[in-house]
Amino acid sequence: MMQNLPWLFLLLPLLAAALDWVLFSKCSKTAATLSILSAAATLALCVAYLAGLNTGAPDVYTWMPVAEERLSLHLGLLTDPLAMRMMLVVTGIGLLVHIFSLGYMKGDTSNLSRYFAGLSIFMFSMSCIVLADNLAMTFIGWEMVGFSSYLLIGHWYHKASAADAAKKAFITNRVGDFGFLIGILLTLGVFGSMNFADMAGKAAGIPAALLTATVLCLFCGAVGKSAQFPLHVWLPDAMEGPTPVSALIHAATMVAAGVYMLVRLQIAMGHAAFTDTACAVIASVGAITAALAALIATQQDDIKRVLAYSTLSQLGYMVMAVGLLAGEAAMFHLYTHAWFKALLFLGAGAVIVCCHHEQNIWKMGGLAKRMPLTVLCFLMGTCALIAIPGFSGFFSKEAILDAALEHCPVFFWVGAGVAALTTFYMTRLCLVAFCGSARAHGAEQAHEAGASMLLPLLILAVMAIISGYGFIADALVPYAGFEAHGFAVGLPFYVSLGSLGLGLVAALLVYGCGKRSSDPLAGNALSAALRERLYIDEFYDKVLIGGVQAIIAHIIEFIDAAIIRGLCVQGSAWLTSRFGLLLSKLQGGSLRAYTFLSGLGLLVLIILLAFNF
Amino acid sequence: MEEHISNLVSADYTWCQFCPTFALVILAALLLLTDAFLPKLPKRSLAIVAALGCLGTAGYLIADSGAPLTLLGVIACGATALSIMLAFDYKKITCDSVAGGDCEEGTGEFYTLPLVACAGILCLLQARDLILLFVSLEVVTLSSYVLAGYFRRNQGSVEAGIKYLILGAMSTGLLVFGAAWYFGTTGSFLLSFDTVQRAISGGTAASNAVVGGFLMANALLFAGAFFKVGAVPMHLWIPDVYQGAPTPVSTFLAVASKTAGFAVLLILIAPWMPFIIPGITVARLFVTVFAVVAAATLLIGNLGALTQNNAKRLLGYSSIGQAGFILVFFITPSAATPVMTAGYLLAYALATTAVFYAIAMVRTQRGSEEIAAFRGLGKTNPRTAFLIVVALASLAGVPLTLGFIAKLNSFVVLVNSMSLWGNLLILLPIMILCAAAGFYYYFKIIRAMYWDAPRPEDSPLQVPPTTGIVLSLCAIGLIVLGTLPLLLNW
C-alpha cells in the first residue's frame, strides 16, 4: 500500500480538476481552494520524499495488456532523484503560481473554476511527464500538457487573439508531436522497449544511422514543446493567456519538459545513443534559437513578449547543453531558470495588474517609486537572468559555457554573445519600465501589489538569489549526484563578465535613465525586422500555410471531395441508408408480416443447422 | 417412476441456490399484499422498497459471486432496480397513463412486477435443465407482457403490449417445441455434456435422424433465446415494443430481459463448448449458424438504426446492433465466453440505462422522444449533456470508455477464432462497418445537443435527483472502467 504513495502526485490534481469542473464550476472559491490544496499536498509529499522518505518502488499498472509483453501499455512511476527533484520545481512553482493567481484573477469576470481546473489538470499532466517510467506514458502526459496549455492560453476565449494563440500553440505542438510519436515507435523497434529502465546499454549494437534517426525524431517532440527554432513561433503568442499561466507553463515547467525528456533519455540510453550527428543538430538548433530569440527580444515593447523571447533564448541554452552531452549543466540551468523566470513573469504580472492591464513598457515608467517591493523582486530576477556573479543564473550559465568551451568553442562564443544581448534587453526593459516618470495614466495610478501576489514574489526572489549555491543546488538540482563544481576564474568567467558589462553599458548609453519616451533604436529596417520577429511567422503564414500548404490542400481537397467523400463516404452512406430504409420498410408495424418474417428466418436457421450435414 | 422422472430432470439442485430468488418472490408478494390492503400508502414507498430489495440482492450476489453467470444476475438485478427508480421518478406520467389524472390507484403492480421478473431471471441462472429454464423464462416473459401494456390509456403502450404478447407467445411455442424434440432425441431434459455427446454420436439408435432431430431441437431452443436477446430473425418486435412501451419498461426489456436472454443462450451452449473444434461436422454447422445470425443481427441492427429519428426506437435498433457484437462471442464459445458476455453487457447496461433516463427526462419536459427534442442541451444543461455524451460515446465505442473495451474484446475474439475458422474473416468488415455506423447514429443525438441551437421557448431541463445521480454514476462507471479495464479482471 505505502509503496503506491507516489500515485497521489497524479491522483490529487486529477481529482481536484474533476471536482472543480463537475461540482464547483459555479463556486470559484471552493474550486480555487481545492486546487491550491492539491498543489500544496503534492508539494508536501515531494518534500517528504526529498527529505528521505522511501516507500520502495511503486506498483506498475498494466493498462492495456497485449499478448506480447513488450507491446503492453504500462503505467509506472519513477521516484529517482531526477524525477523527484524535478517534481519539487513543478509543485513548488505550481503552488506559488496557484496562490499568485488568487490575487491576479481577482475581479476577473471569466469563470475562475475553469481556470483552476485547468491549472490542476496541468499539474496532473506535468507530473505524468516527470514521473513516467516509459515513453508511452510520457507521451500521454505530453499530449495532456498540450491540451491543458490550450485550455489556459485560451482562457479568455472570447478574445480572438487568445483563441487564435491557443490554436496556434496546439497545432504547432502537433507538428513536433508527430516526430515524437515516430521517435517513440522507433525506440520501441530499435531498443525493444519503451521502458526507460530497459534501454540501458542497448545502444552499442545499433547502427549509428538508426540511432541518429531515433534520437532526432524524439528531439522533434522537444523542439515543439520547448519551442525551439523552427517551431518556436507559438510561445510568444501563448502570452495571450493569463500571466500566472505564462509563468508556470510557458516559462518554468512545461516548456522545460522537452529538455527534461532529452536528459532522461540521455541517462536511460547512455551517451552512446546520442551520436555525433544527432548532438550537432541538437546543439545547433539550441544555439540558433538562443541567438535569434535574444535578437528579437531587444526590440519588443510588450513586457511579456520580452520575457517570452528571453525564455526561448534560455531554453536554447539548455537544449544546446543537451546537444553538448552536458545534461547536468542543462538541468542545472533548467532548475535555476525555473525559479527566476517564474519570478520575472509573476513580477510582470503584478506590474501589469497594477497598471490596469497595460503591457507596453513604453506606457509604464517610474514604477520603481510606486511599487518598490515588486520592482525589487523583479530586479532580483533580472540579476539572475543576466547572470550577475553571485546570483543563481550566473552559476548555471557558467556551467553551460564551461561545457561549451570544452566541447566546441563555437557554441561558447554564441553563448557569450547571447549573454550580452540578454543583459542589453533586460536592462532596457528595467530602465524603460521602472525608471523615469510615468508615460501613461495607468502607470501613474500604480500601487504595490496585494499580499497574495507579493508573497510568491518574495519567495521566488529568495530562490532566484540562493538556488545556485552549492549547498542548496547539490540537494535540489534535478540530476542524480549533481555537484555544483567550484568555479574557477578563467576564460569563461572573464568572457561572461565582459558580455555582462558590454550589455549593461550599451543599454545605459541608449536608454539613459528611462527619460526617453520612445525607442531611439526604432525606425530602421533592422529594428522593423526584429519587431516583426524576423518575418518568420509571416513566412509560415504566407509561404508555408498560404502557399505550399494551400496547394497541397487543394490537391487533397480534390481527392477528398471526389474519391473519399463522393465515392466512398457518401456512396457507402447512400448505400447503407438505402439499406436502412429497406429495413424500415420491413419493419412496418404489421404483426402478420413480423410473424411471417420470423418464421422465414427460423426456417433458414433450421435448414442451416439441421439439414446441412 | 417418480425417481425416473427426477433423473430425467436433474437432481443436483440445492435449495441454497435459490435463496435470492425466494427472497425477491417473497418481497414481491409482501409488496403486492401491502398494496392491496393499505391503499392509502403512497406507492412511492413500494417502489423504494422494491428498488432497494433488488439492489440488496445485487449486493448479495456480488459478495457471493464466483461463477460468471452470477455477474449476469448482478446486472439484471441492478437494471431492474434502476427501471423501478425510473418509474417512480416519473410517477406523474405513470399515474396519468394508468388511471388518469393524479390518481395513484392501480399503479402499485407497476413497481412490483419487475421484482417478479427479476426473480425469474435469478432462477433462470441456476437452471441446468429445460424444464426449470422454461418455467423461469416464462416468469420473466409473463411479467414483461403485463408491464409493456401497462399504460392502458396510452395507445402506443397497448399496441406494444399486444405485439410483444403475440410474438412472445410464438417464441415460447418454439421453445416448448424445441424442448419436446430435445427430449425425443435424447430422452432427457438435462443440458449436460453427456446428453449432447450421446445425441451427436448418434445415441443408441445410431442414426443420422437422431442427430438431425437433436440439431433441430437446438435450432428451436436457440430461436427462443434469440427472441429474448433480439437477434435476427427474432428481432422484429424490438423497435416497436421499445418505442411503444413505457420508458421504464423499455429500460427493463433492453437491459434486464436481454441479460436473461444471454443467460439462456449461455446455458444452452455450455454443453456444446467441448465440441466446437474444427473437424467435427456439428461444430462447423454450429459456427456457421451463429456467424450468420451474428452478421445478420449486426447489419440489421446497426444499419436499421441509421434512418431512425425517434430516440427510443433508435435505442431499440441499437440494442439489436449491440446484441450482434455480443453474439460474436458465441460463434466459437470457450470458457471465456460468459465473462466476455458479462463484461459487454455491463458496458451496454450502464450506457443504455443512462440514455433511457435521459430520454425519459427529455420526453416529460419537452414532450417529444424525437432526437430533435435533445436540441441545445449542450447550452441549456451542459453537465447533463456531457453525461449523456459519455453514455452515447460508450455505446459507440469511443476509447477511454467501457464500451470501447467491450467492442475491442469482440474484435479480438473474432480475430483469434479466425486462426481456426478462416471463413470468419467475412465477419470482420461487417463488424467494422457496423461499428462505424454506430458512430453515425449515436452521434446524431450528440449533434442535436451541441450543434442545434435551443429554441427561445426551451428552458433548461429540470434534472430530477434520481436521474442526476443515475446519469452521473453510469458515466463515472463507464469512464473509470474504461480507463482502468483491469479492474474488471477480464
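Visitor: At what angle do the axes of helix 16 and helix 17 of chain A cross?

Guide: In this predicted model, the axes of helix 16 (residues 392–407) of chain A and helix 17 (residues 409–434) of chain A come within 6 Å and cross at roughly 150°. Angles over 145 degrees count as roughly antiparallel, so helix 16 of chain A is roughly antiparallel to helix 17 of chain A.

Visitor: Which residues of helix 16 of chain A meet helix 17 of chain A?

Guide: From helix 16 of chain A come Lys397(A), Ile400(A), Leu401(A), Ala404(A) and Leu405(A), and they meet Pro409(A), Phe411(A), Phe412(A), Gly415(A), Ala416(A) and Ala419(A) in helix 17 of chain A. Sorted by class, this contact has nine nonpolar, one polar and one charged residues.

Visitor: Where is Ala387(A), and is it buried or exposed?

Guide: Ala387(A) sits in the loop between helix 15 (372–385) and helix 16 of chain A, and its phi is near 65°, a positive value in a residue other than glycine. A residue is buried if 20 or more other C-beta atoms lie within 10 Å of its own; Ala387(A) has 25 such neighbours and therefore counts as buried. Ala227(A) also has a positive phi, of about 55°, although it is not a glycine. Ala227(A) is found in the loop between helix 7 and helix 8 of chain A, and it counts as buried because it has 30 C-beta neighbours inside 10 Å.

Visitor: Which peptide bonds are cis?

Guide: One of them runs from Phe229(A) to Pro230(A), with omega near 10°, and Pro230(A) belongs to the loop between helix 7 (208–225) and helix 8 (234–237) of chain A. In chain B, the peptide bond from Val232(B) to Pro233(B) is cis, with omega near 5°, and Pro233(B) lies in the loop between helix 10 (208–229) and helix 11 (237–244) of chain B.

Visitor: Which residues touch the most other members of the largest nonpolar core?

Guide: That core has 209 residues, and those touching the most other members are Val259(A), Ala321(A), Ala330(A), Ala342(A), Leu343(A), Leu460(A) and Ala464(A). Its largest share, 20 residues, comes from helix 13 (residues 327–354) of chain A. A second, separate core of 195 residues includes Leu61(B), Leu174(B), Phe286(B) and Ala291(B). To return to Ala464(A), its contacts beyond four places in sequence include Trp339(A), Phe340(A), Leu343(A) and Met380(A).

Visitor: How does the radius of gyration of chain B compare with that of a compact globule, and what is the secondary structure of the chain?

Guide: Chain B has 20 helices and zero strands. For 490 residues, a compact globule would have a radius of gyration near 23 Å, and the 22 Å of chain B agrees with this. Buried residues make up 58% of those 490 residues, while residues 24 or more positions apart account for 77% of the chain B contacts with a separation of 6 or more.

Visitor: What does Thr186(B) touch?

Guide: Thr186(B), which lies in helix 8 (residues 155–186) of chain B, touches Thr195(B), Arg198(B), Ala199(B) and Phe214(B), leaving aside residues up to four places away in sequence. Thr186(B) and Ala199(B) are 13 residues apart in sequence and 5.9 Å apart in space, C-alpha to C-alpha. Thr186(B) is buried, because 21 other C-beta atoms lie within 10 Å.

Terms used. Residues numbered from 1 in each chain as written. Chains lettered and ligands numbered in written order. Predicted model: local features only at pLDDT ≥ 70, side-chain atom pairs only at ≥ 80, totals over all residues. Helix = DSSP H or I, 4+ residues; strand = E, 2+ residues; numbered from the N terminus. Buried ≥ 20, exposed ≤ 12 C-beta atoms within 10 Å, placed from the backbone. Contact = placed C-beta atoms within 7 Å. Rg over C-alpha atoms; globule rule 2.2 N^0.38 Å. Core = buried A, V, L, I, M, F, W, Y, C linked by C-beta atoms within 7 Å. Axes fitted to C-alpha atoms, helices over the stretch in contact; angles between N-to-C directions. Parallel < 35°, antiparallel > 145°, perpendicular 65-115°, else oblique. Nonpolar A, V, L, I, M, F, W, Y, C, P; charged D, E, K, R; others polar.
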